[in-house]
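This report covers the contact between two protein chains and the parts of the model around it.

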2 protein chains.
Amino acid sequence: MTGTTKRDTYTPESLLAVAVGVFIERGYDGTSMEHLSKAAGISKSSIYHHVRSKEELLRRAISRALDGLFGVLDEDGAKEGKAVDRLEYVTRRTTEVLMAELPYVTLLLRVRGNTDTERWAMERRREFDHRVADLLKQAAADGDIRADVEVRLATRLLFGMINSIAEWYRPQAHGAAANGEVAESVVRMAFAGLRTP
Amino acid sequence: MTGTTKRDTYTPESLLAVAVGVFIERGYDGTSMEHLSKAAGISKSSIYHHVRSKEELLRRAISRALDGLFGVLDEDGAKEGKAVDRLEYVTRRTTEVLMAELPYVTLLLRVRGNTDTERWAMERRREFDHRVADLLKQAAADGDIRADVEVRLATRLLFGMINSIAEWYRPQAHGAAANGEVAESVVRMAFAGLRTP
């Protein structure tokens, strides 16, 4: 016990939140159990009481982001109606999940693939992108999406717009009310464009 | 002289290209003169023959990106006509400059501000964003941009879409022909939206 350690009152969730903050700040590779111990203010052995490894913390954090994102695809709005409307629904909800689960989704977006967990995360992220690209393809086949933007490129630009929100959105500064406003603006811009008709 | 060094046939431009590649791969902070020497295959003293410091290489690289971007604002299409048309022109040309000067703009986008040069880069980047935001504001005042997306948010989403291209665009893979196609698609999506009217 050093002066920096405190009684371990962490739940799996609250310890995860601390770890994710450190992963984002230092990068996953640059984070040691020592860094996590210091940030949490508990000993390394206390951390090992909660998890077996640093990689388990990463896996849990990434799972939380992926559960949120894939959960959207299981919602009624993503499964019923015309493809273009489902795509619009998924765009809105994906944006909302990104903001609600900001640190977890940020971590998912930054993962680069040096460990099994990171490769799995990238694979699942690609799977999500493909599911959305399929919606776009269907909407294009229905004639509801403009034919002069290639589907793969449109998917990339759409996610580029959504994912960029992680770079500036801060819940404390923007407030929960901004969440719906941002998601609605993404939908308006992506589907109807900036120009007034 | 070690076995890895070669005769110094670098021009300022070709040495800069090597340095930028290393900066992007290792991060600016994580790059030493030793790394640059190894990547270029010439001795450190040969590098010092070209530049005074690592920071000078960063400044030159960032300047190249900024010259390209600010150059767009001086082109006729950015200065003449209605604000919404100028904004559309700047969007297309900014996208083209990002692709044409990919490593330099990528470096600019990643800079975080630990040195004077990095802080200057961030300041200039903000200035560019403000110039574009002003165009958006004028276009909104003209009634040519939808009023239900807040101007600052629209600027962020527009740059989010454009800047995300740096994450996947590779000139070797996509070819010069893709450059104009991507820029045109960004304009279509940002200004007219994905949905067919």
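Leaving aside neighbours within four places in sequence, R146(A) is in contact with R188(B), A192(B), G193(B), L194(B) and T196(B) in this predicted model. R146(A) sits in the loop that joins α8 (116-141) to α9 (151-164) of chain A. With a relative accessible area of 16%, R146(A) counts as buried, because buried means under 20%. A polar atom of the R146(A) side chain lies 3.3 Å from the backbone oxygen of G193(B).

The interface as a whole involves 33 residues of chain A in contact with 33 residues of chain B. R146(A), L194(A) and R195(A) supply 23% of the area that chain A buries against chain B, more than any other three residues. The totals between the two chains are as follows.

| Chain A with chain B | Value |
|---|---|
| Buried area | about 3400 Å² |
| Share of buried area on carbon and sulfur atoms | 60% |
| Salt bridges | six |
| Residue pairs in polar contact (both at pLDDT 80 or more) | 20 |

One of the salt bridges pairs the side chains of R195(A) and D85(B), at 2.8 Å from N to O. On the side of chain A that touches chain B, the elements giving two or more residues are α6 (83-100), α9 and α10 (171-192). Of these, α10(A) gives the most, with 10 residues.

The largest nonpolar core has 134 residues, and L98(A), I165(A), L98(B) and I165(B) have the most contacts inside it. Not counting residues up to four places away in sequence, I165(A) touches T95(A), L98(A), M99(A), V182(A), V186(A) and, from the other chain, L157(B).

Residues 9-69 of chain A carry the UniProt annotation "domain: HTH tetR-type", from an unreviewed entry. Over this range the chain is 75% helix and 0% strand, with its end C-alpha atoms 30 Å apart.

Definitions and conventions: Residues numbered from 1 in each chain as written. Chains lettered and ligands numbered in written order. Predicted model: local features only at pLDDT ≥ 70, side-chain atom pairs only at ≥ 80, totals over all residues. Heavy atoms only, no water. UniProt positions renumbered as here; feature names shortened; annotations may be inferred. Helix = DSSP H or I, 4+ residues; strand = E, 2+ residues; numbered from the N terminus. Buried < 20%, exposed > 50% of the residue type's maximum accessible area, 1.4 Å probe, protein only. Polar contact = N/O pair within 3.5 Å; in protein donor to acceptor, adjacent residues only side chain to side chain. Contact = heavy atoms within 4.5 Å. Core = buried A, V, L, I, M, F, W, Y, C linked by side-chain atoms within 4.5 Å. Buried area = accessible area lost by both parts, 1.4 Å probe. Salt bridge = Lys/Arg side-chain N within 4 Å of Asp/Glu carboxyl O.
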